[in-house]
Amino acid sequence: MAGLHKSDFKNPVVNWIDTRLPVFTMMQKEYGVFPTPKNFNYFWNFGALAMVNLMIMIATGIFLAMNYTPHVTMAFDSVERIMRDVNYGWMLRYAHANGASMFFIVTYIHIFRGLYYGSYKAPRELLWMLGVVILLLMMATAFMGYVLPWGQMSYWGATVITNLFSAIPVVGDSIVTWLWGGFSVDNPTLNRFFSLHYLLPFVLVGVIFLHIAALHITGSNNPLGIDVKSEQDTLPFHPYYTIKDSVGICVYLIVFAVLVFFAPNFFSAPDNYIQANPLVTPAEIVPEWYFLPFYAILRSVPNKLGGVSMMFGAIAVLFVLPWLDTSPVRSAKFRPIYRILFWVLVVAVIALGMVGAHRPEGAWVTIGRLATLYYFLHFLVILPVLGKLERPLPLPESISRPVIGGGPLPAGATAKPMEKV
Amino acid sequence: MRILRFAAVAALVGAFALPAMAADEVIELPHQKWSFDGVFGTYDRAAAQRGFQVYKEVCSACHSMKEGYYRDLKGIGLDEKQIAAIAASVTIPIIGDDGQPAERPGLPADHFHSPFPNDNAARAANNGALPPDLSVMEKARVGGPDYIYALLTGFADPPAGFKMSDGMYYNKVFPGHQIKMPKPLSDGQVTYADGTPASTEQMAHDVATFLTYVANPEMEQRKRLGVKAILFLVLLTGVTYAVKRKVWANVHH
Ligand code: HEM
């Protein structure tokens with residue numbers, strides 16, 4: 001229904017705009033007074049951190065693109081030119097390169113936070129699935145971005161990863177040729193990767209918008225994993241969480257700054273400072289660290305198609321996780337067995353990361369297979385069964401009354417039930 | 001070292017996965033003392049200038065360094081006159097106004113002159129091996145300056161029984177121990193303008209300092225800015241945290 005919005009804002013300009021396009025009211029509702037559980041710990045910072053990180057990536061990326069040349073004979077030199085001739089170009093590039101690592105650090109912590117506190121469970125299934133889509137988009141973006149400086153790892157990484165699609169029966173080879181735009185990774189590949197690397201972050205922005213829209217329908221989960229019962233359980237987002245997120249952002253920026261200013265090549269492979277050469281295969285082709293667990297899963301299956309399926313399967317299980325976990329209790333705090341198995345999963349994933357960084361020889365093969373096995377067992381067998389067997393600890397009655405049988409309710413705690421948001 | 005780095009990331013990020021480093025046959029690279037190490041490290045100007053002399057008199061006969069400019073030499077303490085003279089000592093091929101190939105003297109804004117017009121010429125003159133460009137060599141090898149130093153001082157006679165191929169030279173740290181670069185430095189190879197005795201180790205150390213500078217000309221500015229940025233952020237974190245405490249003071253858990 002059309003009609004002007006009745007705005008409560010006093011400032012005449014704000015009011016004028018808000019009457020016609022109530023963005024101020026929306027911000028006020030979604031970020032100002034938005035009722036947020038009051039018991040968040042600092043793990044709830046990481047969504048906001050990811051958001052800040054994405055903005056940094058887009059900002060630095062746009063300026064890099066102004067000086068970058070997507071051509072096989074010029075890309076490597078153009079990156080060096082950015083480092084040397086563009087004002088603060090070294091800062092742009094180091095911030096963008098390390099920003100990608102920071103983005104994955106932050107997002108992986110964000111995801112494990114969700115796993116620990118059961119944030120994927122009803123009613124947040126769709127929110128979680130949008131998160132997995134975000135993860136996939138991030139991976140695609142990072143992968144194509146890594147190809148752009150056209151170093152040896154760019155080239156050979158792109159070759160190995162795109163070649164995975166050749167495992168698809170019958171049409172595999174045609175798909176690879178189609179992806180490459182030719183018969184090997186070459187100028188057409190570089191060009192399309194640049195185009196897509198510029199495009200995907202904006203697709204990310206769109207999906208993240210949906211992710212947050214969904215979050216604001218269900219409301220946030222919290223460390224206890226129980227629903228918000230009354231206004232007593234919540235605080236307005238502003239100023240409580242704006243300031244708490246600001247603390248997290250400051251700490252995050254310190255870590256980021258240490259990397260950019262003092263260890264800018266900490267995460268990067270030395271080989272990528274050698275210009276791509278299709279005739280020389282590097283001794284070791286290792287993807288960026290954030291892909292290593294998946295790379296390890298890929299390599300722990302002797303069959304190519306099998307490996308590729310398992311690798312994509314590792315993410316597919318996350319997609320259906322809300323239906324795999326049968327326990328009605330969200331937070332691991334109240335799930336004595338799940339709490340342990342969560343850490344086993346963390347160890348398995350770290351082990352996979354280490355396996356991915358080593359040549360598949362000797363003990364690494366065994367460790368890789370065991371960790372892969374556990375990864376899938378965890379999601380496909382343990383979680384469905386555990387939910388039925390495990391006896392959860394007694395849940396608190398509400399967030400503001402954390403322990404059952406705890407002290408008397410504070411005055412006013414029985415006030416009106418939470419408004420529907 | 002590797003383990004330490006693993007531990008550092010783990011501590012830093014709650015450990016998810018690890019920097020991509022592999023290589024199973026680990027060759028020890030003894031860590032040298034570098035003026036540019038550490039948070040406040042800067043380039044030792046005298047060492048870098050000596051290193052430039054080694055590069056100019058020895059390495060540049062075979063290796064290009066095409067990402068760097070003559071004007072970059074300002075960063076190791078040479079003045080504009082010196083730089084102009086160094087640049088002018090090379091000739092740059094151009095197409096003249098009459099459309100015919102011609103030459104002009106180099107300018108400070110020119111890239112370091114490459115010894116060969118193209119890769120094939122470089123290979124032809126080097127027994128089939130391409131001397132790699134040195135612009136970012138320091139960043140392109142595990143160990144950085146320590147590797148360059150160890151490589152240049154690592155030439156030796158092959159151990160008994162080691163089978164050498166034709167036209168190869170034994171080197172302790174080069175992967176596979178056979179390199180197509182002839183031992184470039186021997187004691188007294190250059191005569192340093194500042195009188196420093198030119199031992200192989202001294203020259204290797206100096207040229208590694210210079211190559212680190214060429215690969216990271218922004219390093220000093222980067223670290224200076226980094227110290228300021230981090231001090232500011234630490235302060236900001238403190239203030240923000242104090243405000244947070246104040247805002248949350250009235251919330252009962
Ligand atoms: C670009 C990456 C991402 C951004 C910018 C982002 C942003 C956010 C923000 C701002 C929040 C609210 C604050 C918070 O709870 O921390 C949030 C919540 C959430 N995100 Fe993400 N997210 C990203 C990726 C992901 C991924 C990859 C997943 C899962 C696979 C995910 C799952 C969730 C879930 C389940 C919630 C609700 C959490 C709760 O309230 O307990 N997110 N996200």
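Which helix of chain A supplies the largest share of the lining of the second largest pocket? Helix 6 of chain A does, with 7 residues.

The legends describe a predicted model, in which local features need pLDDT of at least 70, side-chain atom pairs count only at pLDDT 80 or more, and totals for chains, interfaces and linings use all residues. Residues are numbered from 1 along each chain as its sequence is written, chains are lettered from A and ligands numbered from 1 in the order in which they are written, and side-chain values use heavy atoms, with hydrogens and water left out.

**View 1. The second largest pocket and its lining.** About 940 Å³ of space lies in this pocket. Of its 41 lining residues, A:G47, A:A48, A:H110, A:H211 and A:L215 are the closest to its centre. On a 1 Å grid over the protein atoms alone, a pocket is an open set of points with protein on both sides within 12 Å along at least five of seven lines, a cavity is a set where a 1.4 Å probe fits but cannot get out, and lining residues have an atom within 4 Å of a point. Points are joined across faces, edges and corners, and a volume is the space filled by probe spheres set on them. Helix 3, helix 5, helix 6, helix 9 and helix 10 (237–262) of chain A each supply at least two lining residues; helices are DSSP runs (H or I, at least four residues) numbered from the N terminus. By class, the lining has 23 nonpolar, 14 polar and 4 charged residues. Ala, Val, Leu, Ile, Met, Phe, Trp, Tyr, Cys and Pro count as nonpolar, Asp, Glu, Lys and Arg as charged, and the others, Gly among them, as polar.

**View 2. The ligand and its shell.** The ligand takes the space of the second largest pocket (more than half of its atoms lie within 2 Å of the grid points). Of the 24 residues around the ligand (a heavy atom within 4 Å), A:H110, A:S119, A:G131, A:H211 and A:N221 come nearest. Helix 6 of chain A gives the largest share of this shell, 7 residues. The shell comprises 15 nonpolar, 8 polar and 1 charged residues.

View 3. Ligand oxygen atoms lie 3.1 Å from a polar backbone atom of A:W44 and 3.1 Å from one of A:G47. A polar side-chain atom of A:R113 is 3.3 Å from a ligand oxygen atom. A polar contact here is a pair of N or O atoms within 3.5 Å.

**View 4. The largest cavity.** The structure holds 4 cavities of 30 Å³ or more, and about 860 Å³ of space lies in the largest cavity. Among its 41 lining residues, A:L64, A:H96, A:A97, A:G145 and A:H197 are the closest to its centre. Helix 5 of chain A gives the most to this lining, with 9 residues. The lining has 29 nonpolar, 10 polar and 2 charged residues.

**View 5. A salt bridge between chains.** The side chains of A:D85 and B:R71 meet in a salt bridge (3.9 Å, N to O), defined as a side-chain nitrogen of Lys or Arg within 4 Å of a carboxyl oxygen of Asp or Glu. A:D85 lies in the loop between helix 4 (75–84) and helix 5 of chain A, and B:R71 in the loop between helix 2 (45–57) and helix 3 (80–88) of chain B.

Note on methods
A polar contact is a pair of N or O atoms within 3.5 Å; within protein, one must be able to donate a hydrogen and the other to accept it, and residues adjacent in sequence count only if both atoms are side-chain atoms.
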